[in-house]
Amino acid sequence: MDPFADTLQRLREAFDSGCTRPAEFRAAQLKGLSRFLQENKQLLQEALAQDLHKATQLDSAFIRKEPFGLVLVIAPWNYPLNLSLEPLVGALAAGNCVVLKPSEISKSTEKVLAEVLPRYLDQSCFAVVLGGPQETGQLLEHKFDYIFFTGSPRVGKIVMAAAAKHLTPVTLELGGKNPCYVDDNCDPQTVANRVAFFRYFNSGQTCVAPDYILCSPEMQARLLPTLQSATTRFYGEDPQSSPDLGHVISEKNFLRLRRLLSCGRVAIGGQSDESDRYIAPTVLVGVQETEPVMREEIFGPILPIMNVRSLDEAIEFIRRREKPLALYAFSNSSQVVKRVLAQTSSGGFCGNDGFMHMTVASLPFGGVGASGMGSYHGKLSFDTFSHPRACLLRRPGLEKVYALRYPPHTPRNLRV
Ligand code: NAD
């Protein structure tokens, strides 16, 4: 019999009920802790004396932000320049030496980063290392002082396992499926404009893109014509020739995305052209939760719509899946948006728009659970790549004051 199962289940159920969230509850718990210390001072002092024979006294203290040392930055292909340089800025600003491993898939950017960027930096402190899975695996066998990885959850696990061998701390910026809840109380055209823009941006190859819509069948019927009109306005009658729709990065991803087009029923788009690695901006309806398009991160210009009957059902759907990197909720009612926010968890959240939260430098950017750990952007980038060293400096004098702490801890000694 598992001696911990009941306790853990009890606590998890309590957490899921939301009871720990209100400020009053947290304040009450902290007040309880404070009362515990005050009301049991004597008891605790005796217990500590029996267990450890010591007491502590602090002077003033400060935090010294120090660079970790040698940092490894591993980048993906979808924004190959930004996602290499943004972590690099934080790592260099904090004073680290950096090995940058760009994605081998975005070959042209990889080449520029390897051949040109080092000329602008001190090469005794910075290096670009090239390669795919095999070379990165080899690189990861080495000890780094910090690893910053951006990529898929699958490879994130490989990176974290390799880091664990050296107890190297990691930031994992991963992906997943970002839900987009659309309430019945919405202007469909506004929602369609915003969702289509952020879904099809960079041909859907964005980690924070809305991955699927959750809405009622009635809202779906209102959304479809507006999604069609938004798509046509943005990319014209022939999206394949639009300069504003990116291309799918590789043959492998093209074939994966083309397979996803067979899930549910195509309501908008659905065309593809292998010679151009083109997938039309597409909307799928009638999809099942068990189909690949609802199981894997889409990472392409395909938007499935899943029907739910109520806000509660949408929240329940989101909660029973992995915690996403981003979550979107559209409603004219701020109460509805706030309920989605309060009853779910995700790396980031945006009400009534796409990934605008990511563009605010003062907000942390990162995932939670399966979508990653750690965060960066703005000042946080500096903090991410710094070790907050806890320091205390004491003057050599005043020994009489400090003499109190030395044993023997007899009542007489304590009175001195
Ligand atoms: P990926 O995980 O396949 O590759 C990322 C990096 O890991 C590349 O540099 C690659 O060379 C390396 N790599 C690949 N396989 C490896 C292995 N077996 N061992 C060691 N290293 C390996 O990801 P990708 O296809 O380049 O990018 C797409 C993914 O990245 C999506 O899941 C997307 O959501 C995610 N992403 C996340 C963010 C974010 O900021 N959270 C940003 C962009 C992309």
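## Ligand shell, sheet and active site in a predicted model

Helix α6 supplies the largest share of the shell around the ligand, 3 residues. Helices (H or I, at least four residues) and strands (E, at least two) are DSSP runs, numbered from the N terminus. This is a predicted model, in which local features need pLDDT of at least 70, side-chain atom pairs count only at pLDDT 80 or more, and totals for chains, interfaces and linings use all residues. Residues are numbered from 1 along each chain as its sequence is written.

**The ligand shell**

The ligand has 27 residues around it, and Pro76, Thr136, Gly151, Val155 and Gly175 come nearest. The elements giving two or more residues to this shell are α6 (133–140) and α7 (153–165). A residue counts as near if its C-beta atom, placed from the backbone, lies within 6 Å of the molecule. By class, the shell holds 12 nonpolar, 11 polar and 4 charged residues. Here Ala, Val, Leu, Ile, Met, Phe, Trp, Tyr, Cys and Pro count as nonpolar, Asp, Glu, Lys and Arg as charged, and the others, Gly among them, as polar.

**Overall build and confidence**

The protein has 16 helices and 17 strands. Its C-alpha atoms fill a box of roughly 90 × 55 × 45 Å along the principal axes. Of its 416 residues, 35% count as buried. Buried means that 20 or more other C-beta atoms lie within 10 Å of the residue's own; exposed means 12 or fewer, and partly exposed is in between, with C-beta atoms placed from the backbone. The average pLDDT (the predictor's confidence in each residue, from 0 to 100) is 92, and 96% of the residues score at least 70. The model scores ipTM 0.98 and pTM 0.88.

**The sheet**

An open sheet of 6 strands runs in the order β4-β3-β2-β5-β6-β16, with mixed pairing. β4 (126–128) and β16 (372–373) stand at the edges with a single partner strand each, so one side of each has no neighbour in the sheet. Strands pair if DSSP finds at least two bridges between them. β3 (residues 97–101) and β4 run parallel and are joined by 3 bridges. Leucine 100 stands opposite valine 128 in β4.

**The annotated active site**

The unreviewed UniProt entry places the feature "active site" at Glu173 and Cys207. UniProt positions follow the numbering used here, feature names are shortened, and annotations may be inferred rather than shown by experiment.

Glutamate 173 lies in strand β6 (residues 170–173). Beyond its neighbours within four places in sequence, its contacts are Phe149, Thr150, Gly366, Gly367 and Gly372. Contact means C-beta atoms, placed from the backbone, within 7 Å. Cysteine 207 sits in the loop between α8 (188–200) and β8 (212–215). Not counting residues up to four places away in sequence, cysteine 207 touches Gly175 and Leu325.

| Residue | C-beta neighbours inside 10 Å | Class |
|---|---|---|
| Glutamate 173 | 27 | buried |
| Cysteine 207 | 27 | buried |
| Arginine 277 | 18 | partly exposed |
| Histidine 377 | 20 | buried |

**Backbone exceptions**

Most residues other than glycine have a negative phi, and most peptide bonds are trans. Arginine 277 has a positive phi of about 45 degrees. Its loop lies between β10 (272–273) and β11 (278–279). Histidine 377 has a positive phi of about 100 degrees. It lies in the loop between β16 and α14 (379–384). The peptide bond from proline 407 to proline 408 is cis, with omega near 5 degrees.

Key. Contact = placed C-beta atoms within 7 Å.
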